[in-house]
Amino acid sequence: MPSEKSQYIPPPPIPSYDEATGGNSSSRPDWPPPASPIDARPEHETEAESLLYSRTRQAHSSRNAPSGYRPPYVESDDEGSQWTLEDDSSDDDEDAQVRREMQELEVEDPLDGSSSRSSASWRKRIASSLPQWKWRWRLPRLTVRLPRQNDTEDTQESESSGTSRFRLPNINSAAAVLLVGRLLALFLILGFIYLIFMSDLFTNMTRRIGGQMFDPEAVRQFVQQNVDSGMMRNTLMHFTSYSHIAGTEGDYALAMDVRNDFVKYGLENVMVDEYYVYLNYPKEGGRAVEIMSEDGKEAKWKAALEENEVGGETAGRQTFVFHGHSKAGDVRGPLIYANYGAREDFKRIADKGIDTKGAIALVRYYGTQGDRALKVKAAELAGFAGCIIYSDPADDGFLKGETAPNGRYMPADGVQRGAVSLMSWVVGDVLTPGWESKEGQPRMTTEQTAGLVKIPSLPISWRDAQVLLQHIQGFGDRCPDEWHGGVPDVEWWTGNSSSPAVRLKNEQDEEEKQEVWNIYGKIAGVEQSEKSIIIGNHRDAWAFGATDPNSATAVMLEVARIFGDLVARGWRPLRTIEFMSWDAEEYNLIGSTEYVENNLDALRKNAFAYINLDVAVTGQEFRAGASPVFRKVLHKVLDRVVDPNFNTTLRALWDDRNAELEGLGAGSDYVAFQDIAGTSSIDISFGGAAHPYHSVYDNFEWMERVGDPGFIYHNLLGQVLGLLILELADRPILPFDMGNYALALGKYLGDLWQWGEDKGVNERYNLDPIKNSIQEVEKAITNFEKWEDGWEQTLVASSGWEPAGLGQRRCNYNDRMAAFETGLLDLELGGGIPNRTQFKHVIFGPQLWSGYDEAYFPAIRDAVDAEDWPLAQKIIDKTAGIISGAAKALLE
């Protein structure tokens, strides 16, 4: 090993700075020193000769250096270097420090004095910035020198050798061995670092530092144990303290409250997203239902319309009774009762020979037509001039049980508000179907859109309906028993064109560009940050909205608080979690649909799942409507949550009543995600019991006394939601039940076949192409899920270590799993359900004439209902091809 001492024996004297820069080498009697015995270079190349002075160089130089200046050179010895580990205490004086700076390795033209000065200045800055470490090992210092003019004295030697004037440095064998050894060690270290990066260690390390340093089971327990019923009670009390119809001051105030809560809880990228949409509002004194005198000049009777005041002074004015998105108008006509307002009911009236043109229809909620908008539309198509809808005690009143405020059913004065926009035909803002309602976007007129009905309508209580029904006794035909409602002191007659004339007045304020506000906040994931698990709940309500929707708002905000607490403690999920507060859901699902239309491509690519909360807590039965992929993960979550009232798990209660995942119709904010974006969606709630739906009686006092005393089921739903988020956002493998999707497809096809069999039309078309495509899905999923088994075995064999590249393949596996749902969209130009092309999913979608009910293969059903058999077969073949394509994409 080279000596750490000087290679010169005896060592050459080192001139001081003054001697080096101000004096003359001739003043030193002992300079130049004798040549080193190990230096075999020619005399003219010796470093000793050129250290301070060279007469030959001076004689030939074209540049005049300052008097006494001697240019430095780079010596092979590094004694006194900042990079030595030996004791430098004796060399810490100024002269030694200057010399060390002059010895820094450089390549320069020794004839260029300006270069030397600038390089020295640069060298000093770099050297002074290096840490003063003491190293025990050194790489040998090499001397690299450009040719000098005095090298011409040896031209004969250069010509005879035929070599360049550049010479390799002389390195003794010991230094060469040491250099090679250290280079090998360096390559080994770099190779090791490369392997670390390629094996995803740092990705996994980031995960562990950001989130996985927490034991997953401890995180689950933390979420369950920190759901606070008292917090949710206080939230609900605040959110139901005043009315907050979409676009109003009350709605905006609560939007800002949600935003502030998201910020307070530590969510990231909290933002307000505005849209400009068509909304209508009732006018005071602008609505009326009256029985007119025979001459039609005055009203014999006026309906009370409004509910009793229950909000009190602190709540402000409670909401007027009206229908959202109703048609303005003032119409008169004979009153005709038409049961539930289904198309079949109006057909029955027509079959009796009763003239309905220009009449006013009186129908009741629920029954064979659950969608209030489709009741009005059916009346319009039957020729009626207006439509009145009431809540009958047989469906929602004292005949079912105790009424509000002390019970669950509608009292005599209770009125169910709601929108009558045709959400199974057009979803979102009715003036911008298919695109977002932002400033500058094109808009339809109210006459052009297919999403609005063409006749005015109003909701009333059974108290007012009783008087109307009594006045048509003896007119028309007696109603069949199944048409009899529960209104007391009434004989049930249909009425006819001779019935007393009724006036229906609906004057309203209409805003075509009313601003509404969605609120978003997120927690970024650490592995697949671009992939999202989205949780959504709408904020707007027809009145105080304790059950619909603010029981869900309280739950969502509580879970957001808990996850914000986790982030503050250092936890992070693998995938991004997004919380969203929708506006204007009650008006045709506007807020969520506009968001989806505004972010459609990103959602189809990156949204893994959507969890919806709406009418969150009305009873004690846990319910879920969802895509089939959620079955396995939902069962796992329900196994962990215990109902204290029954002292057993929610899973046990679920199994006891043979509950299954329900389908998704068109009833809430999951519609745009599932049916337009192709994002696997689930809607969760505790139901099984009635509540005063869309009435002022759905208030905080009712929830605390009747709906959920102690907020027990708010707490349980918070636990379910929190655990479901953890499973979807933080499992390395996305916990989708693909096998159940294959089974569900077979079941849905069976339902379609049975539906056609009941209609007697199955011979009109052939469902075998879909049957064959479902078999392809079953095979593809079987092969697809083998990868997960192999991944688990690899991790077990490597003691939990994920080998190089396997993490990326796992993420790709998750991507393909989530993309299966998106693959079931009909995305060709003009694709989707014919005449309702907003809805793209070939399996799920609303029925044309039953918006709230799920419909499997809705496009096929529409064609069959229209008895368009060529179109039905065309859609069947197309659907089969789309299903097959989704199956193949799993294995690509």
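The model on screen is predicted. Leu574 counts as buried, at 0% relative accessibility. Leu574 and Leu728 are 154 residues apart along the chain, yet their C-alpha atoms are separated by 9.3 Å.

Zoom out for a moment. The protein has 29 helices and 18 strands. Of its 892 residues, 54% count as buried. Take the contacts between residues at least 6 apart in sequence: 79% of them join residues at least 24 apart.

**Stop 1**

Select residues 575-582, which form strand 11. How many residues of strand 11 are buried? Eight of its eight residues are, and the strand is mostly covered.

Next, show strand 9, residues 501-523. Strand 9 and strand 11 pair in the antiparallel sense, over five bridges. To find one of the bridges, select Gly521 and its partner in strand 11, Phe579.

Then show strand 10, residues 528-538. Which way do strands 10 and 11 run, parallel or antiparallel? They run parallel, joined by eight bridges. Ile535 has Phe579 as its bridge partner in strand 11. Follow the chain from strand 10 to strand 11: the path goes through helix 16, residues 550-568, and this β-α-β crossover is right-handed.

**Stop 2: Ser581**

Stay in strand 11 and pick Ser581. Its relative accessible area is 0%, and it counts as buried because the cut-off for that class is under 20%. What does the side chain of Ser581 make a polar contact with? The partner is the side chain of Arg539, at 2.9 Å.

Show the surroundings too. Leaving out residues up to four places away in sequence, Ser581 touches these:

- Val258
- Trp517, Asn518 and Ile519
- Asn537 and Arg539
- Met556

**Stop 3: Arg287**

Jump to strand 1, residues 268-292, and select Arg287. Is Arg287 buried or exposed? Arg287 is buried, with a relative accessible area of 9%.

Draw two distances from its side chain. A polar atom there lies 2.8 Å from the backbone oxygen of Val321. The backbone oxygen of Lys283 lies 3.4 Å from a polar side-chain atom of Arg287.

Now widen the selection to its contacts. Beyond residues up to four places away in sequence, Arg287 touches Pro282, Leu305, Glu306, Phe320, Val321, Phe322, Leu458, Lys505 and Asn506. Arg287 and Ala303 are 16 residues apart in sequence, and 9.9 Å apart from C-alpha to C-alpha.

**Stop 4: helix 13**

Select residues 372-381 for helix 13. Nine of its 10 residues are buried, so the helix is largely enclosed by the rest of the structure. Colour the buried residues: Arg372, Ala373, Leu374, Lys375, Val376, Lys377, Ala378, Ala379 and Glu380.

Check both ends. At the start of helix 13, a side-chain oxygen of Asp371 comes within 2.9 Å of the backbone nitrogen of Ala373. After the helix comes Gly383, with a positive phi near 100°.

**Stop 5: helix 26**

Finish on helix 26, residues 786-797. At 1.5 Å a residue, the 12 residues should span 16 Å; the end C-alpha atoms are 17 Å apart, which agrees.

Which residues of helix 26 are buried? Select Glu788, Trp791 and Leu795. Look down the helix axis: the buried residues fall within an arc of 55°, so they line one face of helix 26.

Show helix 25 (768-784) and helix 27 (806-822) next. The buried residues of helix 26 pack against both of these helices.

Last selection: Ser799. Just after helix 26, Ser799 takes a positive phi of about 55°.

Note on methods
Residues numbered from 1 in each chain as written. Predicted model: local features only at pLDDT ≥ 70, side-chain atom pairs only at ≥ 80, totals over all residues. Heavy atoms only, no water. Helix = DSSP H or I, 4+ residues; strand = E, 2+ residues; numbered from the N terminus. Expected span 1.5 Å × (residues − 1). Buried < 20%, exposed > 50% of the residue type's maximum accessible area, 1.4 Å probe, protein only. Arc of directions from axis to C-beta. Contact = heavy atoms within 4.5 Å. Polar contact = N/O pair within 3.5 Å; in protein donor to acceptor, adjacent residues only side chain to side chain. Pairing = 2+ DSSP bridges. Right-handed = clockwise from strand over helix to strand, strands pointing away.
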